[in-house]
Amino acid sequence: MSERPAAVTVPFASTGTGRPVVVLPGIWPSTGVGSAVLVRDALAPLHAVAPQRRLVVLNRWPGLATGTTIRDVAAEYADTLDRVLGEPFDLVGTSTGGSIAQQFAADHPHLVRRLALVSTACRLGPHGRRVQADVAAALRAGRIRAAGGIATAGSAPAVFRSVLTGVGWVAAPLVIRGPQTAADLATTLEAEDGFDLGSVERVIAAPTLILGGERDRFYDAELFPATAALIPGSELHVLPRLGHGAVPRSHEARGLLTRFLLRD
């Protein structure tokens, strides 16, 4: 495993009481959980679950070593959660957080009661891999504005790409602050590029819910049933006409997620 400073604990935020639900959000420009927007967006799909559960949000730690893998990240998360919670929990992973969640559930089955995967799949699709590789390359080259433009345009239909490229170009320096933040983000993107559940040694045993969008540009629609095929007994819902970011916000997906997590 890639090394990190022994004194560093994976950053997390926690709210509520009851049986824990751990949330691994999608890719975020900065490390840690200091952003109220990150925590709010991560917990929004769990609004109906919140009164009955303790909700815990994790995000990557600063100073990721180059070459860190999704398995490395999952192991560090497991170490922190085992110490902080001390009991099995439900695990929800969205987008890149879903890749980490899959590796986590496979490698640390004693910690995961249920697994929910939202807008994520067993691996990135060709478009998603290409966009993330281009963003990581721009970050490594110090081209922060270019990285922001590539990232925002990459998730949009062609008709909106020029506008969103401009938005990303303007916003990137505001959220990717400093070379270390850029390097940590690039490392995370490169780690997901190398993730493939089909290559993971252990099979996920936890009851699993998979929620995907028919028009997801990062994880192609055919990857959702491929993911279900790799997780025995999993429950799959591919929601029509929804793209990558729309699934976590959809009423149908939130209803399915709530029923799954509150099922006893």
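**Notes on two helix pairs**

1. The crossing of α2 and α3 is right-handed, and, as with everything below, this is read from a predicted model.

2. Helix α2 spans residues 70–84 and helix α3 spans residues 96–107, and the two pack with their axes 9 Å apart at an angle of about 65 degrees. Since angles of 65 to 115 degrees count as roughly perpendicular, this makes α2 roughly perpendicular to α3.

3. On the α2 side, the contact is formed by Ile70, Arg71, Val73, Ala74, Tyr77, Ala78 and Leu81, which meet Ser99, Ile100, Gln103, Phe104 and Asp107 of α3.

4. In the second pair, helix α4 (residues 126–140) packs with helix α7 (residues 179–193) at an angle of about 150 degrees, and their axes lie 9 Å apart. Angles over 145 degrees count as roughly antiparallel, and α4 and α7 are therefore described as roughly antiparallel to each other. The crossing in which α4 passes α7 is left-handed.

5. The α4 residues in this contact are Arg129, Gln132, Val135, Ala136, Leu139 and Arg140, and they meet Ala182, Ala183, Leu185, Ala186, Thr187, Leu189, Glu190, Glu192 and Asp193 in α7. The contact of α4 with α7 divides into 8 nonpolar, 2 polar and 5 charged residues.

Notes. Residues are numbered from 1 along each chain as its sequence is written. This is a predicted model: local features need pLDDT of at least 70, side-chain atom pairs count only at pLDDT 80 or more; totals for chains, interfaces and linings use all residues. Side-chain values use heavy atoms; hydrogens and water are left out. Axes are lines fitted to C-alpha atoms, for helices over the stretch in contact, and angles run from 0 to 180 degrees between N-to-C directions. Helices (H or I, at least four residues) and strands (E, at least two) are DSSP runs, numbered from the N terminus. Angles under 35 degrees count as roughly parallel, over 145 as roughly antiparallel, 65 to 115 as roughly perpendicular and the rest as oblique. A crossing is left-handed if the near helix is turned anticlockwise from the far one by less than a right angle, and right-handed if clockwise. Contact means heavy atoms within 4.5 Å. Ala, Val, Leu, Ile, Met, Phe, Trp, Tyr, Cys and Pro count as nonpolar, Asp, Glu, Lys and Arg as charged, and the others, Gly among them, as polar.
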